[in-house]
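The questions below work through a model and ask how its parts are arranged.

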Amino acid sequence: LFPFRCTTGRGPERPKRIPGRPARVLIVEASPPWWSDSGEVLCDALDDFLTLASSLDGPCRIPLLSLYAISRRQECLLPFAQVRGNLARLRTCVEELRSISGEGCIREATRAGELLQQAVLDALQQFRQYMSHRSTSGHGTFLEVTVMTSQSGCGVVRHLETALRDADLVSLRRLLVVQILTDGDWAQDSSSHEAMPAETEDCLMCGPEVDLQRVGNSVLDIEMVLKAWLQEQGGDGEQLHLLLPGDAAPGSVPVCIKCDVQERAISPALVHLSPGLGVTADGVRDFGPVGEGSANQRRMPPRLKAIKALRADGVCESLLFGLPLVLHPTACWQLDWDDMEANNKLFHALCHTLQNHDWYLLLQVEPARGAAASSLGVCSHYVLQPSSALSLLLKPVTSRELLLPCSLPPPAPSPAPDATHTVQACLAQLDEEFVFNPLCLSSKLYQHLRDPLRPLEGAKGPGFRLPRQPQSRHQGAAARARARATVAPVPPSHGPPPPKASRPALTLLGSGRAPVMQEGDDKDDVST
């Protein structure tokens, strides 16, 4: 799964890498009879990769791509073109590559080497012409070439280093040869690499540096080689500084550990064609009821089916993404009391069993009942983790399509004693907490959200008035109605208060008569 990498020869000093993503050139050697064994597998991997790469949002990861095929002749199937949003054209090129026949045989191996050399030189010339006629904004100003072949990897590397010794490689950042091996080719190619003559290596010291990578003849292995294009390649400078406390003396310099950052998977949020449920778990709304129905008809909640039990120590945290959700027994009032009691017992038993066996559950989203086969969408998966409390933790897990290559070197048996002593002395100065309390952390988010209001507050003065916002006709009518209904307050008076008005007297004229109100000299009677 994780192919090894070796480098033969050391070329002249390369130009300093410019920040940004490089343009890519893929040269596929489709010469018979090797193409009949690896052609279908390579085309399937390339089709899957380009489908994903052309559908990603966010920063551009592959600004330009060109595709060459070498069979009995050299052919440029795709001149430099953008990858994002160009899936139809990219798949057409893959089908053209798939249509190359793998029957027959090329007798002269030197002919295939010359075509491969010419393809590299033609790609460099095409890139220089493209960059001279187009603005460089948004595109990388350097190039990386990947050659995929089923021939002897070391032989191809030696030929390219010799043939490209005098070529103009200023814009070339890396040249990678990927050898696709079958089961019987691993030992044979490894022994041929060890038997490379020393004088041959000495004569290649002036040639370009070519990297060699060997992978198996499978869709997954080749797909991982291509997905490395989506990752940020470091090497010119460290990407993160990890600071540990220095000596206890005041003014001491912290210990700095320089690190590079590597993505483990593609975030599903970058796939602009959102397939619906299960891609993210950023909130409870992602698990709302599915399906359409009337207001009185109860809609079924999504169903997650357990398909595997996983050992807790066998799950890598880098494969989980998104915000976790906490599950607890339902308190839905529509359930009967007996059903709710039985559900609580089952939930408690599940938490207890998973915690005792140190297990996780792998869950798969089941399609909605009655859904057509064409509307099933993406099949999403989750990991369910137990806790000491009566609750479970639900986390989305990445799938094969979004997984990126990650080849980590094995650690040494034990670190250096002086480095261990330095790190232990730094960590001894930190306060240790047995229980993490997030309430002790503050991100200053409230202050950041209020920052846009500071210019307005600072401009307030004696005659400051906020600018009036334009109102629509409906809003203006509502404002005038509110203005008419507003009663102005009575201004205070410094003189004596005005006399209170006398209350009119009521005179009862009889049991069947209505009361008559008399006020002052008014002689009018009100009766019924």
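The expected span of a helix is 1.5 Å times one less than its number of residues, and helices (H or I, at least four residues) and strands (E, at least two) are DSSP runs numbered from the N terminus. The model is predicted, so that local features need pLDDT of at least 70 and side-chain atom pairs pLDDT 80 or more, while totals for chains, interfaces and linings use all residues. Residues are numbered from 1 along each chain as its sequence is written, and side-chain values use heavy atoms, with hydrogens and water left out.

Q: How far apart are the end C-alpha atoms of helix 8?
A: Helix 8 covers residues 337-357, and at 1.5 Å a residue its 21 residues should span 30 Å. The distance between its end C-alpha atoms agrees with this, at 31 Å.

Q: Which residues of helix 8 are buried?
A: Buried means under 20% relative accessible area, exposed over 50% and partly exposed in between (1.4 Å probe, protein chains only). On the face turned away from the buried side, helix 8 carries the exposed residues D338, K345, L346 and N356. The buried residues of helix 8 are M340, F347, C351 and L354.

Q: How many disulfides does the structure hold?
A: A disulfide is a pair of cysteine sulfur atoms within 2.5 Å. The sulfur of C76 has its closest cysteine sulfur in C93, at 8.6 Å, which is too far for a bond. C76 is partly exposed, with a relative accessible area of 34%, whereas C43 is buried at 0%. The number of disulfides in the structure is zero.
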